[in-house]
Amino acid sequence: MKHNLILRVVSKFLIPLIFLFALYVQFHGDFGPGGGFQAGVIFSAAIILYALVFGVDSAKQVIPPSILLFLASLGVLIYAGTGVASLMMGGNYLEYGVLASTQLAGQHIGILLIELGVGITVMAVMLIMFFAFAERGRQQEDKKS
Amino acid sequence: MIENHLSLLIVVLPLLAAPIVAVLPNGRMPWSISTLVSWAVFAMACIQLINVSTGSVISYELGGWAPPWGIEYRIDAANALVALIVSGIAAVTLPYALKSVEQEIPKHQHSLFYAAFMLCFTGLLGITLTGDIFNLFVFLEISSLSSYALISLGKQRQALTASYQYLIMGTIGATFFIIGVGLLYAMTGTLNMMDLSQRLPELYEHRTIHTAFAFIMVGFALKLALFPLHLWLPNAYTYAPTVVTVFLAATATKVAVYVMLRVIFSVFGFTFIEDTPTDELFMILCVVGILMMSFYAIYQQDAKRLLAYSSVAQIGYMMLGIGIGSALGITATLVHLFNHALMKGALFMAIGAIVYQIGSSRIEHMQGLGKHMPWTFAAIVIGGLSLIGVPGTAGFISKWYLVLAAIEKQHWLIVIVILAGSLLAVIYVWKLVEVLYFKPADESGQTVSNQLTSRKEAPLMLLIPTWILVVANVYFGFNTELTVGTAEQAVKLLLPSMN
């Protein structure tokens with residue numbers, strides 16, 4: 001794909017917009033359609049597009065696989081940790097209402113944190129899967145050549 | 001604070017441990033954290049069982065939303081007992097895991113292995129404690145997906161095929177279950193089990209409810225490997241790493257049997273089941289299953305596979321109790337659930353100790369090993385006696401109750417089948433004992449390369465957990481206060497009409 005000028009220019013133009021849209025879906029998920037899962041998938045789609053056009057190696061420089069495993073775990077921890085935080089503040093598990101001074105503000109913070117955890121994990125896992133499949137094909141090509 | 005949130009912490013603690021363990025460097029840290037977590041969960045499960053042993057029910061509202069709208073955890077004697085089994089087996093399996101995993105699984109996968117183990121643990125506990133039927137599905141998926149990964153880590157290449165086979169069958173099972181739940185939701189508009197049980201009776205005649213019931217039954221019959229839907233089980237147990245086989249054999253199918261109990265008696269109610277051919281069907285399948293699978297077990301050449309077929313037969317005993325459907329029958333099911341976890345755990349651990357020493361689970365490679373590994377051999381003998389159901393072991397108690405239940409309902413054929421199944425168990429247990437003790441050792445050493453050097457007793461790290469389970473087998477053969485007492489308490493809640 002190295003010589004495909006149109007693809008390179010268009011995707012360079014598109015990738016930031018995809019990131020932006022992912023963040024919009026992420027942080028608008030509490031009032032509108034969307035949320036962590038969709039945002040995570042869109043976010044990873046931008047990086048997958050980058051990998052398709054510029055090569056898997058350069059994509060790995062953007063997000064090294066070792067960080068991805070860390071991010072995947074971090075998301076789950078944020079999710080479970082939000083529940084523990086509400087336990088600590090005197091509510092039941094995942095009872096967002098106690099997280100802030102008023103019930104409404106607490107619900108808002110709670111769902112944002114949960115969706116953030118979901119978003120991070122989904123993004124990381126999508127990329128881990130993509131890299132795993134991309135690696136597999138390349139290993140076989142190496143064996144052939 | 002911990003008192004009030006106990007039932008939830010049991011599920012959340014391993015869930016928190018999983019991501020932490022996954023990012024730790026490979027070494028002993030992942031193992032130590034997992035082990036500590038399993039011990040803490042076991043302690044909490046003990047306290048929880050004491051709390052509900054008087055017949056009270058704990059209800060925990062997740063997120064502070066009142067049921068039936070929010071997810072509710074509902075703990076009574078039945079699921080407190082199953083949670084105790086799951087956490088107890090994890091608490092003895094993990095110390096065993098250190099040596100066994102070091103040998104069987106490549107070092108760079110250790111932390112991920114323990115993370116998957118913790119996730120599987122979370123899933124099984126979640127299925128057990130939740131009172132919401134959709135939440136149950138979510139935990140079912142967590143435990144299944146992680147167990148597919150765990151099984152595929154086996155040393156032999158067949159582990160991948162075995163895991164894939166389980167993945168396909170398990171996914172069909174889970175899909176059937178969720179189709180059933182969807183139909184129930186469409187008819188009643190609720191997912192809370194208690195709420196379902198109140199709304200279902202007026203819809204009993206409706207065909208959709210019958211369809212939903214059929215889907216849920218077939219789905220879980222696949223997950224618990226009820227004959228003839230057991231095809232995934234022998235391969236999965238044979239090729240999985242030893243620790244995974246021990247853990248899954250002692251817990252995963254038991255949890256599925258518990259779900260069956262819960263759905264049949266708490267959600268639908270036994271009056272509904274009696275109008276359908278389900279109970280007769282269970283009895284026929286179990287009778288055929290017990291006899292056929294015991295015969296299969298006799299002809300196996302691999303010790304793990306032999307025990308796997310015996311597991312399918314033993315699941316038949318558990319489901320027989322449900323099929324009989326009397327108070328005694330369910331008591332027998334719950335008690336056998338507990339006791340079978342102990343005996344299969346002990347046997348798979350002992351076989352695992354042999355595999356650790358000689359690197360093979362083929363029976364012909366084990367000739368004469370009993371003299372070199374006396375403690376392992378003794379564990380197999382006592383575990384085998386318990387599997388047969390000899391008085392003085394745990395296995396006797398559960399078969400005794402099952403026979404009583406069958407006699408009470410005058411099912412004479414079932415009584416004969418239970419006794420015949422025990423006789424067949426004598427044959428396959430004897431097959432192991434004979435090879436281990438009475439066959440002369442094959443000193444040529446040609447079968448397994450390192451056989452001659454490793455013909456000695458297994459390390460203590462493997463023997464101690466094995467013997468904890470062996471001693472438990474004998475202890476619960478004499479003291480039935482915990483098992484039978486709790487089971488009778490649970491039956492009062494599951495079958496309110498009979499008391």
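Biologist: What span does helix α12 of chain B reach from its first C-alpha to its last, and what is expected?

Modeller: Helix α12 (residues 278–298) of chain B has 21 residues and reaches 30 Å, close to the 30 Å expected at 1.5 Å a residue. The expected span is defined as 1.5 Å times one less than the number of residues. A helix here is a DSSP run of H or I, at least four residues long, numbered from the N terminus. The model is predicted: local features need pLDDT of at least 70, side-chain atom pairs count only at pLDDT 80 or more, and totals for chains, interfaces and linings use all residues. Residues are numbered from 1 along each chain as its sequence is written, while chains are lettered from A and ligands numbered from 1 in the order in which they are written.

Biologist: Why is B:G323 called buried?

Modeller: B:G323 has 26 other C-beta atoms within 10 Å. A residue is buried if 20 or more lie within 10 Å of its own C-beta, exposed if 12 or fewer, and partly exposed in between, with C-beta atoms placed from the backbone. B:G323 is therefore buried. This residue lies in helix α13 (residues 303–324) of chain B.

Biologist: Which residues does B:G323 touch?

Modeller: Leaving aside residues up to four places away in sequence, B:G323 touches B:D279, B:F282, B:M283 and B:C286. Contact requires C-beta atoms, placed from the backbone, within 7 Å. The buried residues of α12(B) include B:F282, B:M283 and B:C286, and the buried residues of this helix pack against α8 (207–223), α11 (270–275), α13 and α18 (412–438) of chain B.

How values were computed
Helices (H or I, at least four residues) and strands (E, at least two) are DSSP runs, numbered from the N terminus. Two residues are in contact if their C-beta atoms, placed from the backbone, lie within 7 Å.
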